[in-house]
Amino acid sequence: MQLHYRADCAASHDKNTSYRKALLDQIDYPDRVINLDNTFRRRPTGYGPIQKIVSNLADHESPIRCQINVFAYAFLKNAKNYDMFMTADPKNLEQIGGQLKAWQDAVNTLTEFERLGSPLDDSWLKDTYLNLRAIVGRASARDERRTLVVLLVTGPATREEIKEDLRLNYSLSQRVMTALVKTNALESRTNERYAINLKAMPVVMFLVRELMGLDMLGMLGDIVKVRKPAHG
Amino acid sequence: MDDLFELLLDPFVIAYVVLTALIQIVFFHYSAQKKAQINEQRKKAGLDDQNLVKQTQQLQELQQEAKAQAYILLMPIIYLPLILWPISLLWDDYKPEKGLLLTFLFFVLYLLWSATDVAKAALGGIAFRTVTAFSRSFQVGDRVTLKGHNGKALEIGIFYVKLQTSDDEQVCIPTVSLWSENLVSANTGERASLCVIPFYFSPQIDPQQLQMAEDAIWGCMQASTYLDPGKPIQIYLSQERDCIKLTAKSYVASTYNESLYRSDVTHAFLQFARTESIPLA
């Protein structure tokens, strides 16, 4: 995001400098990896920075390496066709494929647990699931469910960012976010940002799928399937 | 008439009738027991009555249940005579062939031309469940329109199909009556369903504002947490008599959240329209 702000500033202050030039001047390719993680928010006006960065770098003669949250990439691939000009590294895809399998197994176990009460061996996963379910499983927990979607798709966010994304006219109270953090599904990070606990990812993905219909596992599976290298 | 009575008063014929009825009763109790066990297991695991998993998995169970019910009804009627008759050969005193054949024919006639409405309803219901389960016309959890009633299919039973409407009313539609009805499902087993949202603009809107509005609606749909981003979004314009109509078609990720999705997109767009002074009709 700082890359974008500096390029924007430079372009607006100096008529001889375009945004693209200011951006490229900051990139020390091929070594530099641009972090795109905080460059978009899922709101009508939230795609500005990432659109500007990507559209100015997409036609560069040599590839420029970027880093982005895999869930954000899955969303942008489906919503904005970003996979047309941002191809994933095959080595990363293999790692994602391995992680995906582990998550899929955990989600299947949670499905059978919810459906039939089948025993869940992982007691931490079970407790986290029951605790989070007790909050977001209620029909009135509309904002809590949407918060999970925001954190899952766009990554760590502050309470203010969540409030802006969801157009709430009140800030999600400290009490509610604390309750979500106490379930162990969310964690509080530096700069007052909240994020999904990686260990609890299957729980969040399962609840988001069943309560909001959003199948992030399926979307990630499409990425790994489509971009798998020909030799295996 | 006495001969007929004598034929039917045979122990093997009585065994045929009793065993057929017993098998139905045992199966009914077994199914009820199984459902109770699952509920008990879920309670012990710390889960409440609300089952969050509604889609797709239940179709397989419905298919298995429908198959089992059909077999349990028909197989004793067909196979029991074939089992009882060889056993009767061990006794010289009994020659139940005619009695068994007659009883079998009675059962078949009873199935074909059921004497009571309950039997008709049950048979029609079993047949409807079986055909529905394998033709995938709709399943439990779908948003359906049946006989003018719109709602979520809670249960496809032998006697009733239960719907829960958006006003939280429960509508019970006799299953047998659905044979000749059109069955409309909004999502056919999928989680997502198409959502069509119209927007109306003043005819005085200028082209630049119209383009801004179209872009804003697109952005509002993509920004909504209820959207299924994996499905296409389409926007169409049309001229109405006193307004310009913009129709936005997109898919809500969970069909049960359609109203929330519409509200979310409309709210976001109205805020934009107010900020940018877009003239609405």
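Predicted model: local features only at pLDDT ≥ 70, side-chain atom pairs only at ≥ 80, totals over all residues.
## A buried pair of rings

Local features here need pLDDT of at least 70, side-chain atom pairs count only at pLDDT 80 or more, and totals for chains, interfaces and linings use all residues.

## How the rings meet

Over all chains, the structure holds six aromatic pairs (rings of Phe, Tyr and Trp, the last by its six-membered ring, with centres within 6.5 Å; planes under 30 degrees apart are stacked, over 60 edge-to-face, the rest tilted). In one of them, the centres of F201(B) and F269(B) are 5.8 Å apart and the planes sit at 85°, so this pair is edge-to-face. F201(B) belongs to strand β6 (residues 193-201) and F269(B) to helix α7 (residues 258-276), both of chain B, so the pair ties together parts 68 residues apart in sequence. Helices (H or I, at least four residues) and strands (E, at least two) are DSSP runs, numbered from the N terminus.

Ring pairs also join F201(B) and F269(B) with F199(B) and F272(B) in a cluster.

## Charges over rings

Now for lysines. K199(A) has its charged end over the ring of W124(A), 4.3 Å from the centre, and K152(B) has its charged end over the ring of Y256(B), 4.3 Å from that centre. To count, NZ of Lys or CZ of Arg must be within 6 Å of the ring centre and within 35 degrees of the ring normal.

## Helix α2 of chain B

Among the buried residues of α2(B) are F12(B), Y16(B) and F27(B). Just after α2(B), G46(B) takes a positive phi of about 95°.

How values were computed. Residues numbered from 1 in each chain as written. Chains lettered and ligands numbered in written order. Heavy atoms only, no water. Buried < 20%, exposed > 50% of the residue type's maximum accessible area, 1.4 Å probe, protein only.
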